[in-house]
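Keep it on screen while you read.

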Amino acid sequence: MSEGMNRRRFLSVLGVTGGGAAALGACGVGSEPAQKLIPYLIQPEDQVPGTATLFATTCRECPAGCGLHAKTREGRVIKLEGNRESPINHGRLCARGQAALEGVYNPDRVTTPLARTAQGTLEPISWDNALQRLGDHVKEARGKGIAFVTGHEAGVFGELVDEWTRGVGGRHVAYEPFAFEALREGNRLAFGIPAVPWYGIAGASYILSFGADFLDTWLSPVEYQRAFSRAHSFDASRGEAEAMAKFVFVGPRMSLTGMNADEWIPAAPGTEGLLALAMAEVIVRERLGASVDVGPVRDLLGRHTPDAVAGAVGIDAEAIARLAREFAKAGRGIALAGGIPAHYPNGAEIVAAVNILNYVVGAVGKTVQFGPNSSVDMASSFKEMVDLVADMQAGKVALLLVQGANPGHSLSSFMQAWSKVGFKVCFATMLDETASAADLVLPDLHPLEQWNDARPRAGVFALQQPVMQRVWPDARQAGDVLLALAGKSDTFKDYLQSHWRAAHARAGHAKSFDDVWNEALQHGGVYTDAGSQSVRLAPTAGHIMAGAPAAPAFDGNTGDPVLVAFPSAALYDGRGADKPWLQELPDPVSKIAWHAWVEVHPETAHKWGVVDGDYVLLTSPFGAVRAPVSVTPGIRPDVVAVPTGQGHTALGRYAKGRSFNAFDLLSGAANGYGGRTFAVRVAVTRTRDHRFLASSAGDPRDVGPGEEIIRVLPLARAQQLKPGDHPFLQREAPEYAEPALEGWAEEQRKKANLGDYAGPHPRWAMAIDLSSCTGCSACVTACYAENNIATVGEDLFVRHRQMSWMRIERYWRGGEGGEPVRGVVTPMLCQHCEQAPCEPVCPVYAAYHTPDGLNAQVYNRCVGTRYCANNCAYKVRYFNWYNFAEVGGEHEAWPAPLDWQLNPDVTVREKGVMEKCTFCVQRIRGAQHKARLENRVVHDGDITPACAQSCPSEAIVFGDLHNETSRVAQLAADPRGYHVLQELNTKSGITYLARVVHGEEA
Amino acid sequence: MTDWSRRAAAGIAFVLLLAIPAAAQTGQPAAAVKAPVVSDTGSLGGPRQPIFFRHDIHAGEYKIPCQYCHFSVAIASEPGIPSVQTCFGCHLMVGGSTPAHEAEIQKVRDAWSNETPPAWVRVHTLPAFVHFPHMRHIKALGANACTTCHGNVREMPQVRQVSTLTMGWCVSCHVQKQVTRDCSVCHY
Amino acid sequence: MSFPNPLARVFRPPPTPGVLAVFGHLDAAVDAVIALKRGGHQGFTVYSPLPRHELEHALDQPVSPVRMFTLIGGIAGCSIGAWVSLYMSYDWPVQVGGKTIGSIPPYVVIMFEMTVLFGALTTLLGIGFNVLLAATHRGTIAYDPRFSNDKFGIFVPVAAAQSGPVETLLKGCGADEVRRA
Amino acid sequence: MTMTPTTAPERTTSRVTYDVVTRTIARTLGNPGRGYYLLLGTAVGLFAFGVICLLYLLRYGLGMAGYSMPTYWAIYITCFVFWVGIAHSGTLISAILFLFRSGWRTAVYRVAEIMTVFAVMTAGLFPLIHIGRQWFFYWLVPYPNERGLWPNFKSPLVWDEFAIGTYFTVSTCFLIMGLIPDIAAVRDVATGWRRKLYTLTAIGWRGTNEQWRHYRPAYLYLAALATPLVLSVHSVVSWDFAMAQVPAWHETLFAPYFVAGAIYSGCAMVITLLVPLRKLFRLEQLVTVHHFENLAKLCLLTGMIVCYAYSIENFVAWYGGPTPERQAFWYRAFGRFWWGGWTMNICNAFLPWLLWFKRVRTNITALFVIAFFVNLGMWMERFVIIAVHLAGEPFAPFVRAGYNATWADWGIMAGSFGWFFMWFLLFVKNFPSVSVAEVKEELPPPRRAAGKHA
């Protein structure tokens, strides 16, 4: 590759424009084949050139601990997919998990040890030198205070750190900006168990979420989304009552999760608990729930009748009663508390109240089980972090080590105390805010290069193994360094194995350890079931919510709107900001990429006289930021919301200097239950400045409700549909003309079936169930990863020049005249029309129809007239405005070593050509090759496009329409099925299954 | 009988021994050819390689089947470049019968001992937007079909490109063999 | 611009002797033409700065064969257009938008354009060919720059010996000047 | 549609003799003065700037231009259609009016033809500029190649290529044909290098009866071929849009609508060019108010057709159109680009009504101003049809977005004007810009007995 690149560079320097490019154009600029062939010294037996090898490991992008399959080609990991055997994610993976790839290959990784010089700059040093210094500082810091800050570590590395810190008399703080103190504390209050239980969403028939964003970031999003779609997607076969669970979302802001709710209840911030108690009260009073002992909370409930709380909550008592009855009547209901409400000053009480609701309705032990507890509670509470900061301030910390955490970004007080620490050491893959301020930076291995393990929840032991040679040979795993410091000779892998050996011995397995170990490596871990324990209300439950029902007091002056900072679905707490895929992933709700924004309700925006893109100054008691307004109906008028994750001052080229850091607005003090408060009142002042939002959506004034794109059926109507019904079928021609037209079409087809087209062929097609699709956008990143789609950057994104083959369209509906606001989403990708408008207009047959029904785009034939894109009614064709593969070019999308992530099976497109979804034709061809070698036909299910593979709610099904037995053929015949813009007679290959909603005439 | 020739003979025996299973799998290799003694390497076609590897000796004279070294050609889209280990496997014993050969074989041994694989110069190159699945062609044309595109390498002291490898050349064969001409079979 | 080549005969034929008359008035020239024809003169040349129907009537020459060129060219163009579009469609059949491989209606455009193109080109060919042919018959004859401006002219090819009567005839018709060439 | 009795020129240019004609036109080949060189310099400058912009485009890609999803076509195609349109009046005046035997054309048709040829030349550049991989433009040409690939004759773009190619060739032939006798005329009065040049380019024309005999029918046949061609070319161009299913493109009305529009803009451009040219080359005697009035009448006619087309397409959108169609026209009038829609309506549909008044038609200044606005309006019409309706995207509401042109767009557009005027000015300076022979045809021939008609 490099050779070709250099030549291209040289030519362009010479000023060779068209001609030079022509020569290169002809030979596929971007990924020219290597001109030298370097053979292996020893052929790795597990590798066949040109064939992918899978390694099972564990995702470390968030505490959920999903199982991974790392797809490697010629020793390079090129894609991450879910591990089917993992009980957490069952083979599915979210956008953040897939983007871990860009963490390994990030061009701004730390490659050698760095030390702070006298001039205050970081200069490379040798490992021996680095270890020497570290050793000395550890020696002299003994007794003077040593602290080790890590991220959430639910595995052996955590234990090693504990052991080490104990050894040197230090302390270990596992810092997660979004820790779950409130859940732990709330459960302690309610049941006396400070743990985070297992939530059986899949089995629920009524889901009630008090702010728990279990589809965006809460606890284990992939697991919960899969479960949610099982419960909430419409399935007539489950019978009348069970066809589809109802989902009610309570919260100040309509998050991705809220968008998928059948009913959104924007309760006043902090009153979610009151609502829960009131519902519990109704259930107990009307004896709708389980026969459980409610003794401890009787008078608590007595104080919180619907009438008592209605005022504070902001919805009338009848509605509360109705919800309570629905909830109870549904049988297997589940109430979840989390997200923003769990980060209010009274978060713990809210959680406790919701637990009480669960308890009285009889969900505890059924849909909510203690026992298979989540391991998130292994993270330290925010209070511990605050104490550490206090000690740092007081100079009680002589040596501070940081690994896998970036408090420098999320906690400003930490950085203020930073200078008071004698010696700061960071084990880092990237120079983030913390590392770039350290005295000693040690290049750590990326989790995909590491040995480690994780326990996402009790009973699940997930293994983490290196899936490829380390990208930067000079990087070392923190574990190894610690062991070396402790003077041990063995590596961290040995340490890990010794722990597993011990566990194996304890468990007394029949099999030998090596077998167990190897199996674990193959399957990605050892998966067992932890028994559930029964719980009952604790006396403390009765003492919550003392005093008159009211919303809690937020910092800041009353009257100002409440600002809630929510974790960005793509960047989370900011750890994703260094990955272009995540930066370019439009937020599922606001559709904004590459920068942060502040969500404002239309009424409020009107009141303030601001429109999309206007900058406002947000001032809280703790800080101020300038934020561009994004007007959205999905938020309370008296609340504004900002995402976390942006506003980095370091962390590499993709993260640095993008808009603002939401954490700057938040208090650095721990609240009542030892957690951090993510809500604060802010003064809003309008500024003169304006920007164009980098939104994948068009101008909101023009976009509209998208009725012709997304069809919605009310549940009642959907249940009446019989097989064979086609409520969305539009007849252009009268009945009697149909045969004639069909005959004519048949004639056409005959005339067209020449050459390769003669004979039987498959007809590749797709079915997308909109009642399952949540809009989480995992498919979007999967498509980027599989198909070498270039990330174009903020400037081009603003100009709508992104090339996301798969885009998630989000339309707002309702809102006016008191009718409820609803956000509807659909994936939009090439429909692979049988009668594609884009094909006949191409003057060079670059866009044409393959015998197996694909709408193909031949990149190397395309001259770039863009006529096809004009004529495509779905607007799913994307143009290469620049050469995104040009090394050193202004718009280079894959600066080395990021280009290692490129999929060798897919051409890297050149500037000036059209590109679009190919139904992952490379996977189709791969499956066909495989089948041919095995002398068989391709079976249904052999082929899974990247989007379908990743989809956590299993909404996308791919297959051959000509094969009646295939799943896609059956779904295509579903009564809910429809084709977008069917009236254009494009005969599109994608069947959408209408979204189904509870109640509402839709 | 000199020490060298004995070792060479032993080497040949060894190679053939190794070759048998592969030979069995690939059917009968073509009739043996006596590799010429190349005095003037400058006159040979094709690029000069870091090691003067003689396909005509290995594949021609000693009848080593192509797939003995290019091990993945029948199962993967890539034919596979033999690892130094594969070379060394034989040349551990086979030291060469002439000083010239010895010199070249010494390079292999050095490559092994210094752990520096030779950087072969690529002879057959397709643009990145063409996908050529070797296994499909072997499957269709048989294990000895390599010559169809690569020419009779068994008689090439130094491999050179014999076919144009242009699209027209590919298509003409596809037309003649009446197999698909669909663009998206190779271009995606 | 003298280039020795076999075509010299075509481009610069040998000079022809004769009498050149210059007319200031159109009707004079017309009378002269009529008189010459009556006098049984053949192959004389009439110069005029612009086409005048009076002269054409007087000369009444046969219809130009150029139209045949145009016709043949047009037909040829049309069929070439049809052949190109249809042959190229069937040579490598590619389906687009579910349409038939070789569908006539869109190809009519191609046929039409080719008709016009070839028709026009062959017309040019025709005129060039015919004019050149005439010139070779006529040989190089006397000319006067004023003929392209405001004078009409007649050149009668006659040997110097018999030129007398011709000169008087032309004078009689009202030629401004008559000279031997 | 004969505009005027053929005796009219005799009335208006009674004192003009053959000699005067020749001299007047020969004079235009002399030194035209500083004004001319100023114009030429400006044109060359603009052209050079355009070339620089183009080099940027080639080096860095089409991203330099203002395109953005869903506006995949914009300024360049607008310019393409604009210039093709300009090119239409030329052949119309020289061919169709020739068949109609309307004598007044003789004085103006040469300018119109020169304009035609160079306008097509300019137009032809834009499809090459606007494609993504300009260096592969020849893949649209059906030439036998090693890959055995052919272009797709179902694609309107290929029709376009054929139509434009043919039109360029034929109109060039037409121009040259008409020129030959005139070059001969100026040859005989010219001196020095010009004489050499004209001797060469007159390819031996002497106005013999043989030459005229073949020349006149040939000219007639060319006219006969060119006439349907004129009507077809812009129809084909319009099908670039009408064949697509984009609302407000997909209209059966488009062919006549575009042809009328093209002739409309063409005539306007002829006026725009002729007014200064007349002054510059002192052609008042040959090109009279009478000619302008007739051009104005042509503008009026085509303008009325355009006006009708506008009203019909809006009416149909309102009356029968499916929602997207209606949306599109709503967007044209009241969407983000309302100013574009109204500019085209006012300049093209309302302004020509002034031409009903003879006082306007015969007032050259007024005509010049109106012509300018018509040109502006016609450019805007194409911009609205192409860029605005794409930005409005009725089918896929989610991607509806704005469009902002960049310096690369404007630069290359300016360059195209420079390129056009550069050639035009060079040509009119060096070749007869008014037909010598045909103007003479409109004059009474010199007769011995003046007044006595033959």
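This is a predicted model: local features need pLDDT of at least 70, side-chain atom pairs count only at pLDDT 80 or more; totals for chains, interfaces and linings use all residues.

Chain A has an open sheet of 7 strands with mixed pairing, and its order reads E6-E5-E17-E16-E15-E7-E8. At the edges you'll find strand E6 (122-124) and strand E8 (171-174) of chain A; each has a single partner strand, so one side of each goes without a neighbour in the sheet. On average, neighbouring strands here are turned by 20° against each other, ignoring direction.

Zoom in on strand E7 (residues 146-150) of chain A: E7 and E8(A) run parallel and are joined by 4 bridges. If you want a residue pair to click on, A:Thr150 has A:Ala174 in E8(A) as its bridge partner.

## Helices across the sheet

Which strands does helix H5 (residues 127-141) of chain A lie across? They are strand E5 (114-116), E7, strand E15 (399-403), strand E16 (423-428) and strand E17 (440-443) of chain A, and H5 runs at about 125° to E17(A).

Helix H18 (residues 478-485) of chain A lies across E7, E15, E16 and E17 of chain A, at about 135° to E16(A).

## Chain B

Over in chain B there are 8 helices and 1 strand, and along the sequence they come in the pattern α-α-α-α-α-β-α-α-α.

Chain B has 188 residues, 37% of which count as buried. Its accessible surface is about 9,600 Å², with 63% of that belonging to carbon and sulfur atoms. As for contacts in chain B between residues at least 6 apart in sequence, 68% join residues at least 24 apart.

Definitions and conventions
Residues are numbered from 1 along each chain as its sequence is written. Chains are lettered from A and ligands numbered from 1 in the order in which they are written. Side-chain values use heavy atoms; hydrogens and water are left out. Helices (H or I, at least four residues) and strands (E, at least two) are DSSP runs, numbered from the N terminus. Buried means under 20% relative accessible area, exposed over 50%, partly exposed in between (1.4 Å probe, protein chains only). Contact means heavy atoms within 4.5 Å. Accessible areas come from the Shrake-Rupley method with a 1.4 Å probe; for residues, only the protein chains shown count as cover. Two strands pair if DSSP finds at least two bridges between them. Axes are lines fitted to C-alpha atoms, for helices over the stretch in contact, and angles run from 0 to 180 degrees between N-to-C directions.
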